[in-house]
Each structure stands twice: as structure tokens, then as C-alpha cells.
Amino acid sequence: MTSSIESVVSLRKSLVSAYDQGKTNTVCEILEQLYQITATEDLLKKSSVGMAVGKLRNDKNEKISKLAKSIVQKWKKNVTEAAAIKKKKQIASSDKPKDENKNTDKSNSPTQAVNSLEKVQPSSSNSPKLKSQAETNSSANAPENLRKNSDSNINANKTRTFASDNATIKSTGDKSRDKCIEMLYNALAVDTDAETDLIVEKAIELEQAEFNKFNAVNPTYKADIRSFYLNLKDLKNPNLRLAIMEGTIQPNDFVLMSPEDMASEERKKLDDKIMKENLFKAQGAGPQEAETDMFRCSKCGSRKCRYFQMQTRSADEPMTTFVNCTNCGKRWKFC
């Protein structure tokens with residue numbers, strides 16, 4: 001179904017409010033209503049509902065995450081199909097005047113009109129010769145139609161860039177800085193329906209904040225811009241782009257973030273897992289501890305302890321025993 005921009009904006013506000021208050025059931029109900037909407041490019045740009053829904057794709061709640069992903073996928077299909085239909089209509093309208101002019105010219109020629117009347121025969125429409133010619137023409141036009149359809153689909157699915165959006169900026173007077181703004185625009189434009197002017201504004205703010213750190217275009221500045229570009233364009237990190245576009249993260253704060261801070265939730269979990277595995281392997285190389293109830297903790301009185309022995313003095317001296325209480329964590333040693 002189609003909906004007015006006002007009703008979609010109202011649903012977006014209700015969705016954000018319910019999500020902030022932790023009302024999971026209400027969020028799911030609103031998402032189900034949004035799924036019934038047939039999205040258009042104009043609707044998504046003016047309502048900003050795409051940003052609000054896209055932000056929920058990586059939510060911890062599996063139901064919310066699945067609903068958000070299905071909505072985004074459906075809306076992308078709606079916009080793509082609408083763009084393809086629009087392209088076909090433009091092609092058809094551009095071809096039609098040419099055909100009409102040709103027919104008009106032919107009909108206006110007296111000689112051609114007389115010749116056409118002389119050539120008309122009662123059974124001409126059923127002539128095998130004419131049928132074969134028509135079939136040949138239709139088969140020859142088939143590849144051309146396929147090419148037009150494929151071209152329209154390619155254009156509909158084309159990734160947004162600074163050049164494709166025909167975006168413009170006021171030159172900073174430095175070609176390197178202008179190019180960096182274009183790079184940031186290309187990163188922020190990934191998978192978004194935001195207005196071109198808004199993306200340009202955010203890209204300029206990010207570049208200006210980074211430039212203010214050094215007041216010069218130096219190697220560190222360029223390295224930071226490359227890092228921002230790679231993290232912002234990551235398809236698995238939509239929340240970072242949304243935070244910038246919505247103003248949740250201010251440019252001055254963003255340029256101070258480390259690559260680890262910018263990483264997606266999936267990447268952070270993977271890094272944490274790798275760190276724990278490395279820590280476990282590092283601990284494996286240390287002394288092996290054994291559990292025992294031979295010792296009594298002087299702090300909590302528990303007998304649940306782990307211990308290991310190590311030669312800390314000369315070889316003719318007894319080994320030192322290190323004990324760790326598993327109940328309260330107290331450590332002690334004795335010889």
C-alpha cells in the first residue's frame with residue numbers, strides 16, 4: 001500500500017520513541033506496518049524513515065533485526081522496480097515521436113500514397129513472405145530490448161557516488177582537500193536515501209574537523225581520511241554512517257575515534273574473540289595449576305584452591321609453592 005509522507009514521518013517518530021523506551025513489542029508492530037508500505041525514492045528521502053529502520057538491522061533482538069532487514073530489502077526492490085519502469089517509459093516516449101514523424105512524412109507524400117494503394121492486395125496480411133519478414137524484425141529487435149532492460153536495471157542498482165549524484169562543493173582552494181571531501185561523500189552515500197545536500201554537508205564537516213587538527217594537508221591527515229573512508233563505506237557497519245548522518249556522533253568527536261572505536265559490532269565481537277583466544281594460548285604456556293583441598297585459605301576459610309610449584313631459589317633448595325584460592329582470589333606462597 002502507498003502512504004502519505006506525513007503518516008510515514010509519524011510512524012518513524014513512534015518507532016524511534018518506542019525503541020528508546022525499550023518497548024520491543026511496539027517496535028515490532030510499527031515495523032510490520034512499515035513493511036506494508038510501498039516505498040518510493042521521494043518518500044524515503046523526505047521522511048528519513050530508511051535511516052531509522054536501517055539502524056535496527058544489527059539490533060541484538062533477533063525479531064527486530066529480521067524485520068528491519070526484510071523491510072530494507074523490500075524497499076530497495078520497490079525503488080529499483082520504479083526506476084526501471086520510469087526508464088522504460090522514457091525510452092518509449094523518446095522513440096515514439098520518431099516513429100510518428102516517419103509515418104506522417106509517408107502519409108503526406110502523394111506519390112507514396114498512390115504507390116501504397118497500388119501495392120495493397122486483399123490477402124497481403126496473410127502473406128507468408130510478410131510473416132517471415134515480421135518475425136525477422138521482431139527477433140532482431142529482441143536483443144535491443146533486452147539491452148535496454150538490462151541497462152535500466154544497472155542504472156537502478158548503481159551505487160551512489162559524488163559524480164553520479166552530480167554533487168557540487170565550494171572549493172577549499174586545495175585540490176587534495178576537495179578530493180578528500182569527495183571520498184568522504186562516496187563513503188557516506190553507501191546504502192542511503194539521504195538528500196545529496198545533506199551528504200555534502202556532513203562530508204565537508206568531517207573534512208574540516210580533520211583539517212583543524214593539523215591545519216595542514218600532511219601524511220597523517222591523508223592517512224586519517226583513508227581510515228575514515230574505509231570504515232564509513234563498510235557495508236557491515238551501517239550504524240556508523242547513520243550516526244554521522246543523524247548527528248549522533250559529532251564530526252569533532254568522530255575524527256578523534258580510533259579504528260577500533262569505528263569498527264562494526266560484528267568486528268568488535270570478532271576482535272574480542274581473537275583477543276580471548278590469544279590470551280588463553282598465552283596462559284597455556286605458563287605453569288600448570290592443579291586443584292586441591294590440602295590448603296585452607298586464611299581469608300575466607302575455603303579449601304577450594306589451585307596451586308603450582310616453581311624453583312625460585314638455588315637447585316639444592318626446595319621448590320616454592322604458589323596457592324590461589326578459587327573462592328575469594330587470595331594468593332599466597334610458601335617453601
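User: Before we start, what should I know about the numbering and the confidence limits?

Analyst: Residues are numbered from 1 along each chain as its sequence is written, and side-chain values use heavy atoms, with hydrogens and water left out. In this predicted model, local features need pLDDT of at least 70 and side-chain atom pairs count only at pLDDT 80 or more, while totals for chains, interfaces and linings use all residues.

User: Happy with that. How many aromatic pairs are there?

Analyst: A pair of aromatic rings is described by the distance of the centres and the angle of the planes. Rings of Phe, Tyr and Trp (its six-membered ring) pair if their centres lie within 6.5 Å; planes under 30 degrees apart count as stacked, over 60 as edge-to-face and the rest as tilted. The count here comes to 6 aromatic pairs. Take Phe211 and Tyr221: their planes stand at 90° with centres 6.4 Å apart, so the pair is edge-to-face. Phe211 lies in helix H9 (residues 196-214) and Tyr221 in helix H10 (residues 219-232), so the pair ties together parts that are 10 residues apart in sequence. Helices here are DSSP runs (H or I, at least four residues) and strands likewise (E, at least two), numbered from the N terminus.

User: Are Phe211 and Tyr221 buried or exposed?

Analyst: Both are buried, where buried means under 20% relative accessible area, exposed over 50%, and partly exposed in between (1.4 Å probe, protein chains only).

User: Which charged residue sits over the ring of Phe211?

Analyst: A charge sits over a ring if NZ of Lys or CZ of Arg is within 6 Å of the ring centre and within 35 degrees of the ring normal. For Phe211 that is Arg177, with its charged end 3.8 Å from the ring centre. Lys74 likewise lies over the face of Tyr35, at 5.5 Å.

User: Which residues touch the most other members of the largest nonpolar core?

Analyst: A nonpolar core is a set of buried Ala, Val, Leu, Ile, Met, Phe, Trp, Tyr and Cys residues joined through side-chain atoms within 4.5 Å. The largest has 30 residues, and Tyr185, Leu188, Leu232 and Phe254 touch the most other members. Helix H8 (175-188), H9, H10 and helix H11 (238-246) each supply at least two residues of this core.

User: And how do the strands pair?

Analyst: Two strands pair if DSSP finds at least two bridges between them. Strand E2 (residues 305-310) pairs with strand E1 (residues 290-292) in the antiparallel sense over 3 bridges. E2 also pairs with strand E3 (residues 320-325), again antiparallel, over 6 bridges.
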